[in-house]
Amino acid sequence: MWSKRLNFRSLMIICSFLLIGFFEVAISTDGDLNFEVRRTHPGSIFTVQCYDLDNDGYDDIIFAGDKDTRLRVMFGSSGGNFEEPLLVGGEAATLCVGFLNDDDLPDIVANFADHLYLLINNGDRTFQVDSISQPYNNLGGVALGYIDDDTYLDIIECQSFDHTLIHFGDGSGGILRTINLPYDFMTVYVSDLNNDGIDDLVGLDDYGNGGIYTNDGAGNFMQGDTFSLNEYTMAASITEPIADFNNDGNADFAFITPQLHAKGNFFQSRIAVGYGDGQGGLDSISYLWINGTSYALDITDVNRDNYLDLAVLNGSTYQLELFIGSEQGNFYDTLKLAFQSEPTVFAVAVGDLDRDGNPDFVAGSNSGDSIKLFINQCPDPPLLSQKMTTIGFDNVNLNVANPANYRISRNYRTVAGAAFQRLDVNGNRAIDEQAVDCNLQNGEYKLVFRPKPNVQAGAKFSGVVHIGNKEATLFLDYDVPATSDSLLFYYDVEPVSSIKPASGIPVRADRVVFDWSRALQNPEGKTFEFQLDRYYDFRSPIHDLGGLMVPNFSPSTALGTDSVFYWRYRTWDGSSWSDFSHTFAAYVVGNICGDLDNTGSMTILDVAFLIRYLYKSGPPPNPPALADINGDGSVDILDCTYLINYIYKGGSAPICR
């Protein structure tokens, strides 16, 4: 294994020759960008994606070559290390990842020549492989989306030079039915292109003719704007090219077309960036040129300015070229990373391969020489070991910003290695949205819940945050805001919560004490106002108390159970009021599963209580169901083990039934 460090400094362009190849350093006014190029395991790459398949918080690399087309996975671990490529079944020319059944494990769909492969994740790094025979196709694309009116993910398959199929999923990893669309797409992608909350298609044929096709929600499509790249496409973006580049709330795209014109010793390639108008059309298309043959691109915020950039692999100059984005969605500068010369390079994918909060890249060629990792050497932000999953249930769209204001949403992700997923999390036949941040930081997260388009009046939603084995309920069957509004919740990640009860963490109704003393720097000589309401906007306070002499309050009557209440405070220093604090959520419950001694929390004392009950004729839990900690319908030593794992080993939360 070898590595080299590439430094990209402002103010100059330096070209040098090394024994291992040629590299170019390009100007960046944003400062230094440093990457270490690592050669890993032998293997060819024609198509590649990064995704955390085993839910361990580390990106895995899914790939297949052009000669050895068998699908492989390199499972990741800490420090950017990867295991030997593991054959998982099937073959691939193009692939995508999604949730084909009702578990929380990502599955793989791969399109190859005469078969479409469905790889259902077993959770142990193995897959159940099913396939659908089909006529031979050269390089047909494949995509996933919710095409009809159910909550089962559907597969859009391109059979190049022929037609496009939609395989409607049955929710268990199988196919319910298949229809033939009258479009000869070579590649296709899915997004909501007219902002009606329904997945639409944007597709390209072999000759560079493209179009937007809006969906009525039942799998019937109407052609919208068309466009032409004016050239024989030959190949199209192998990775997902949909994003909101100019941050206007509309889906945009970036397609790459290789080998357009000869220029010197190289062909030229071109990126077409289409800016959506949010109505199923395009505002404009702009073009970026590449001196060389490029087959694939990916999207990330490489220079950490919170704007989306494009990463392109140049197969002629053996460089990873980075087109730096701006607030307006334009691309104003190019950085180039070189690697060892070898035969044609095809694919590139972005991820956070060493889980340090900075975007990295994986690339490879058709030679089988080695898979290369471009490891970002920017300073690591202080990260925590857990991951954070935020879920908006049912009728809302979700947008999450971390303490550095990097974002996670469907079409705008600047948090390195983050995932944005759409699936029916709670099995109630509604599509939920969840943002997964494997680079958790202490600080204030901004969670924005917006109503989905065309949501009916009176619709409800819920919002929760999972960190490790803890779940915080912030909204529970709450009214969806008006169409033009949103709810912004500030959620603090702290080593120890500065408020009690911690926001969204279950608290027993008979033990609610609101305490904000830890959040105050100089409480001496101040009085306080406290507000409590069932509504997030405090339209009808249950308590609105001024003149409190201490920074806490305990209601004299019990609050309703299985409900979320909202509270805030402000201080009076003798001359003026401060602003109100951010709003906190108190999730009030009747009993807490596993809290056997009724103290309001789970500790080793609850384990001791259960052991005394099981083996020493101790008093029974009240109610008895609180002791069925693993939810299997009986109370035994397995519940003790489950509780110990939860308290001390980060195990799953108790699930009394």
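**Aromatic pairs and ring–charge contacts in a predicted model**

**Figure 1. Overall dimensions of the protein.** For the 657 residues of this predicted protein, a compact globule would have a radius of gyration near 26 Å, and the value of 27 Å found here agrees with this; the radius is taken over C-alpha atoms, and the globule rule is 2.2 Å times the number of residues to the power 0.38. Along the principal axes, the C-alpha atoms fill a box of roughly 80 × 55 × 50 Å. The protein has 2 helices and 49 strands, which are DSSP runs numbered from the N terminus (helices: H or I, at least four residues; strands: E, at least two). Of the 657 residues, 57% count as buried (buried: under 20% relative accessible area; exposed: over 50%; partly exposed: in between; 1.4 Å probe, protein chains only). The model is predicted, with pLDDT of at least 70 needed for local features and 80 or more for side-chain atom pairs, while totals for chains, interfaces and linings use all residues. Residues are numbered from 1 along each chain as its sequence is written, and side-chain values use heavy atoms, with hydrogens and water left out.

**Figure 2. The aromatic pair of Phe-514 and Phe-530.** A search of the whole structure finds 31 aromatic pairs, where rings of Phe, Tyr and Trp (its six-membered ring) pair if their centres lie within 6.5 Å, and planes under 30 degrees apart count as stacked, over 60 as edge-to-face and the rest as tilted. Phe-514 and Phe-530 form a tilted pair, with 5.3 Å centre to centre and 45° between the planes. This pair links distant parts of the chain, 16 residues apart: Phe-514 lies in strand 44 (residues 514–515) and Phe-530 in strand 45 (residues 527–533). Both Phe-514 and Phe-530 are buried.

**Figure 3. The aromatic pair of Trp-567 and Phe-584.** These two rings form a tilted pair, 4.9 Å centre to centre and with 45° between the planes. Trp-567 belongs to strand 48 (residues 563–572) and Phe-584 to strand 49 (residues 584–589), so that the pair links distant parts of the chain, 17 residues apart. Both Trp-567 and Phe-584 are buried. One aromatic cluster is formed by Phe-514, Trp-516, Phe-528, Phe-530, Phe-553, Trp-567, Tyr-569 and Phe-584.

**Figure 4. Arginine charges over tyrosine rings.** The charged end of Arg-304 sits over the ring of Tyr-406, 4.1 Å from its centre (NZ of Lys or CZ of Arg within 6 Å of the ring centre and within 35 degrees of the ring normal). Likewise, the charged end of Arg-355 sits over the ring of Tyr-58, 5.4 Å from its centre.
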